[in-house]
Structure formats: structure tokens, C-alpha cells
Amino acid sequence: MPETRCPAALPDDPRPCDGRLAVTVLDAANAGADGCEAHGARLLAALDGARPVALPDAPAGAALRVFRVACAERPARRAAGLAELVLALQTQAVTA
């Protein structure tokens with residue numbers, strides 16, 4: 001049975017989740033995806049103008065940790081929003 005990954009996990013990121021859902025990553029248009037800290041940071045790094053918001057039951061400092069890790073990430077692609085990123089990933093999957 002395949003391992004379930006959080007909604008913020010990008011298809012080209014093979015890493016498993018690093019724990020429970022901790023943040024919602026919101027793009028500039030307030031579209032969002034919940035994620036663990038690792039996948040939240042990767043998604044945040046790929047989106048221009050995005051921000052992490054800690055979920056109510058997240059460990060203290062989760063959004064700050066996600067922000068700091070995202071600052072060090074070098075994503076393969078950047079997008080203005082979640083919709084643009086999803087479209088780019090779908091186009092890549094079709095052409096691959």
C-alpha cells in the first residue's frame with residue numbers, strides 16, 4: 001500500500017512527510033494547501049508571495065521553521081500561485 005503524503009507534497013519531491021500537518025501555505029490569492037513542515041517549506045519556496053500559517057494544533061514555531069527552511073530552498077520551478085504550479089506540473093507530466 002503506498003504511503004499517503006500531505007496535500008502540499010509536490011509530485012517531483014520523493015521525500016516522505018516529516019510528521020503531521022503543521023501549516024497551510026497560502027499563495028498571493030489566498031489559495032492554500034496544508035502540509036507537514038518539510039513539504040510546506042518546499043511548496044512555500046516554489047510560490048512567489050506565499051506565506052505559511054500554522055494550523056491550530058501545530059507545534060509552536062512551525063510556521064517560522066517552514067519559512068526559514070523555505071528561504072534556503074532552491075526550487076526547480078517557481079510559480080505565481082498554486083493554480084499556475086499545478087498547471088506546470090500537469091504539463092510536465094503529460095510531456096514526460
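Author: A definition comes first: a residue is called exposed if its relative accessible area is over 50%, and buried if that area is under 20%. The model discussed here is predicted.

Reader: Why is arginine 74 called exposed?

Author: Arginine 74 has 71% relative accessibility. The cut-off for exposed is over 50%, so arginine 74 counts as exposed.

Reader: Where is arginine 74 found?

Author: Arginine 74 lies in the loop between H2 and helix H3 (82–95). Its C-alpha atom is separated by 21 Å from that of glutamine 90, and the two are 16 residues apart along the chain.

Reader: What makes S1 and S2 a pair?

Author: Two strands pair if there are at least two bridges between them. Four bridges join strand S1 (residues 23–26) to S2, so the two strands pair. They run antiparallel. Leucine 26 has glycine 32 in S2 as its bridge partner.

Reader: What is the order of the strands in the open sheet?

Author: The order is S2-S1-S3, three strands with antiparallel pairing. Strand S2 (32–35) and strand S3 (51–54) are called edge strands because each pairs on one side only. Neighbouring strands of this sheet are turned by 25° against each other on average, direction ignored.

Reader: How do you know that helix H1 packs on the sheet?

Author: Contact means heavy atoms within 4.5 Å. Helix H1 (residues 37–46) touches S1, S2 and S3, and its direction makes about 10° with that of S1. Helix H2 (residues 62–72) also packs on the sheet, touching S1 and S3; the direction of H2 makes about 155° with that of S3.

Technical notes
Residues are numbered from 1 along each chain as its sequence is written. This is a predicted model: local features need pLDDT of at least 70, side-chain atom pairs count only at pLDDT 80 or more; totals for chains, interfaces and linings use all residues. Side-chain values use heavy atoms; hydrogens and water are left out. Axes are lines fitted to C-alpha atoms, for helices over the stretch in contact, and angles run from 0 to 180 degrees between N-to-C directions. Buried means under 20% relative accessible area, exposed over 50%, partly exposed in between (1.4 Å probe, protein chains only).
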